[in-house]
Amino acid sequence: MNIDWSGMITAEQRAAEAAAATLEARITANSAAYEAATRALTADYPQLEKDTWPTQNEEASAWVAYPVGAATPWIDRAAAERGIDREEYIRRTLIKARQFKVMSSFLTGRRQRYDDQIKAGGDPVLDYALTPEVLAELKQIAEAIMSTPATGLQDALA
């Protein structure tokens with residue numbers, strides 16, 4: 001009697017397939033948790049407003065470099081429509097842009113760390129909550145930008 005063993009899956013093969021499926025599931029879960037955390041950063045903003053962020057950042061940065069004569073036509077109109085002072089609008093823009101960088105780098109670094117741990121065989125607890133240190137940094141950014149005179153912001157933000 002001849003038995004064709006070629007179609008049989010060994011215990012080692014089943015274990016390898018199970019390990020690969022577990023790895024893939026953990027990476028997928030990590031990516032999903034990261035996506036949820038990053039979506040939360042911008043959930044309160046419509047897409048059209050998000051599309052203006054590069055323009056707002058560019059104009060706010062130009063103002064930091066040259067507070068007296070920087071051209072900020074987009075910000076000027078938005079501030080007028082909002083009913084707030086141009087400088088206040090610019091400062092709020094600067095705060096949000098710098099805070100977003102901090103939060104997005106924190107979340108991205110954390111996702112990458114978890115991916116590394118998963119690929120090394122670990123099963124990390126996926127925690128994307130901002131740490132007290134990050135929250136303190138966000139507060140410090142806001143306080144510094146709001147309290148520093150316009151002529152000193154360039155050095156303060158360097």
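**View 1. The surface and outline of the whole chain.** The chain exposes about 10400 Å², and carbon and sulfur atoms supply 56% of that area. Accessible areas come from the Shrake-Rupley method with a 1.4 Å probe; for residues, only the protein chains shown count as cover. This is a predicted model: local features need pLDDT of at least 70, side-chain atom pairs count only at pLDDT 80 or more, and totals for chains, interfaces and linings use all residues. Residues are numbered from 1 along each chain as its sequence is written, and side-chain values use heavy atoms, with hydrogens and water left out. The C-alpha atoms fill a box of roughly 95 × 30 × 25 Å along the principal axes. Of the 158 residues, 28% count as buried (under 20% relative accessible area, with exposed over 50% and partly exposed in between; 1.4 Å probe, protein chains only).

**View 2. The helices of the chain.** The chain has seven helices and zero strands. Helices (H or I, at least four residues) and strands (E, at least two) are DSSP runs, numbered from the N terminus.

**View 3. Helix H1 and its cover.** H1 covers residues 11-42. Its 32 residues should span 46 Å at 1.5 Å a residue, and the end C-alpha atoms are 47 Å apart, which agrees. The expected span is 1.5 Å times one less than the number of residues. Buried residues in H1 are Asn 30, Tyr 34, Ala 37, Thr 38, Leu 41 and Thr 42. Their cover includes helix H2 (47-51), H3 and H5.

**View 4. The largest nonpolar core.** This core holds 27 residues, and Trp 63, Leu 94 and Leu 107 touch the most other members. A nonpolar core is a set of buried Ala, Val, Leu, Ile, Met, Phe, Trp, Tyr and Cys residues joined through side-chain atoms within 4.5 Å. Helices H1, H3, H4, H5, H6 and H7 each give two or more residues to this core. H5 gives the most, with nine residues. Leu 94 touches Ala 60, Trp 63, Val 64, Ile 145, Leu 153 and Leu 157, not counting residues up to four places away in sequence. Contact means heavy atoms within 4.5 Å.

**View 5. Thr 148 in its loop.** Thr 148 sits in the loop between H6 and H7. Is Thr 148 buried or exposed? Thr 148 counts as buried because its relative accessibility is 16%. A polar atom of the Thr 148 side chain lies 2.6 Å from the backbone oxygen of Ala 144. Thr 148 also touches Arg 91, Leu 153 and Ala 156, not counting residues up to four places away in sequence.

Definitions and conventions
Polar contact = N/O pair within 3.5 Å; in protein donor to acceptor, adjacent residues only side chain to side chain.
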